Amino acid sequence: MNAKRPPVVLLWGEDAFLLREAAFDLLRGVQPVEVDAREWRGRELADLATPSMFGEERALLVTGCRALPQAALKELASYLQDPVPDVALILIAEVAERRSVPAALAKLVKPVGEIRNVAVGRKDLPGWVLERARQHGADVIPDAARALVETIGDQPAALDGAVQQLRVAYPGMRIARPMIMEQFRGLGEQRVWDLCDRAFGRDLPGSIRVLRSLLEGREDPLIILGGFASRLRDLVRVKALPERIPAGEVARAAGLRFDWQGRRYREQAKRFAMDELLGLHARVVEADREMKSGAPGDVVLPVVVAAVAGAQAG
């Protein structure tokens, strides 16, 4: 790991996927101890300072840092007075749209570390897609990258998933605009996936925007609800897995098709307690019953989306 890296890095922004990718880019292959701020126990920094038995590089990744309790902030302040050399401490703070970095965290980190806003503007998304394609081993031309943004939308997680789908669908081939149209001509299904990704990422405004677009495009409300039911079943399976299972094995253990789904769904599942997921699934089943009995989708679906995206952290 880079010896010049500051003792602590605070990553903040609106998009959970971009934040997590930025964190692992900083870690450069080092497997961190990962802690959700809501589950802070008080020994995390002390454990970080304990020398490794096998001499491997150490790292602590703390997600959801807007929820760090006051006791944790005090521990962090004490630790940063004399941080452990050559150990990575990365803090992730996901903020609401148009919000700034959490002031209390910034005040602690600024004197000794780095504060970085992680974001990709709409106009920069085609270039970002090209870079993700290079990382995934897909040969995507610039016009195809623009077509992908036009087709899929501006959600980085959805675009990254689409790039990986293209790599699998067209192995070893140069990917051009017609291939984008061919692969994603079932745009409604892809947009439902985008809706689920936003909702289970607790992006309520973004979820409502995508839902409105789907309904205005006359997408079948039952298809939309089916997408929610499918994602909930996947998240329940991921949530039920032991926490110690390596990230690379989550997809296989949960019966998912792609490795990237395992990592993304694990991150989403962490936002919910198991009983919340089961309760939401029951709500989806009830919504299905209501719509099949004649209730309009444009009335039922916003309630379901708000229940998921606006849920309290588990």
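This is a predicted model: local features need pLDDT of at least 70, side-chain atom pairs count only at pLDDT 80 or more; totals for chains, interfaces and linings use all residues.

Visitor: Which strands are the edge strands of the open sheet?

Guide: The sheet is open and has five strands, which follow the order β2-β3-β4-β1-β5 with parallel pairing. Neighbouring strands are turned by 15 degrees against each other on average, if direction is ignored. Pairing on one side only is what marks the edge strands, and these are β2 and β5.

Visitor: Which residue in β4 does L60 stand opposite?

Guide: Strand β3, residues 58–63, runs parallel to strand β4, residues 87–94, and five bridges join the two. Within β4, the residue that stands opposite L60 is L89.

Visitor: At about what angle does α1 run to β4?

Guide: Helix α1 covers residues 16–27, and it lies across β1, β2, β3, β4 and β5. Relative to β4, the helix runs at about 170 degrees.

Visitor: Why is the pair of F17 and W128 edge-to-face?

Guide: The count of aromatic pairs comes to three. In the pair of F17 and W128 the ring centres are 6.4 Å apart, and because planes over 60 degrees apart count as edge-to-face, the angle that decides the class is 80 degrees.

Visitor: How many residues apart in sequence are the parts that this pair ties together?

Guide: F17 belongs to helix α1, whereas W128 belongs to helix α5, residues 125–136. The pair therefore ties together parts whose separation in sequence is 111 residues.

Visitor: Which element gives the largest share of the lining of the second largest pocket?

Guide: This pocket has a volume of about 750 Å³ and is lined by 26 residues, with E34, E243, I245, R266 and K270 lying nearest its centre. By class the lining has 12 nonpolar, two polar and 12 charged residues. At least two lining residues come from each of α1, β2, α11 and α13, and the largest share, four residues, is that of α13.

Key. Residues are numbered from 1 along each chain as its sequence is written. Side-chain values use heavy atoms; hydrogens and water are left out. On a 1 Å grid over the protein atoms alone, a cavity is a set of points where a 1.4 Å probe fits but cannot get out, and a pocket is an open set with protein on both sides within 12 Å along at least five of seven lines; lining residues have an atom within 4 Å of a point. Grid points are joined across faces, edges and corners, and a volume is the space filled by probe spheres set on the points. Ala, Val, Leu, Ile, Met, Phe, Trp, Tyr, Cys and Pro count as nonpolar, Asp, Glu, Lys and Arg as charged, and the others, Gly among them, as polar. Two strands pair if DSSP finds at least two bridges between them. Axes are lines fitted to C-alpha atoms, for helices over the stretch in contact, and angles run from 0 to 180 degrees between N-to-C directions. Contact means heavy atoms within 4.5 Å. Rings of Phe, Tyr and Trp (its six-membered ring) pair if their centres lie within 6.5 Å; planes under 30 degrees apart count as stacked, over 60 as edge-to-face and the rest as tilted.
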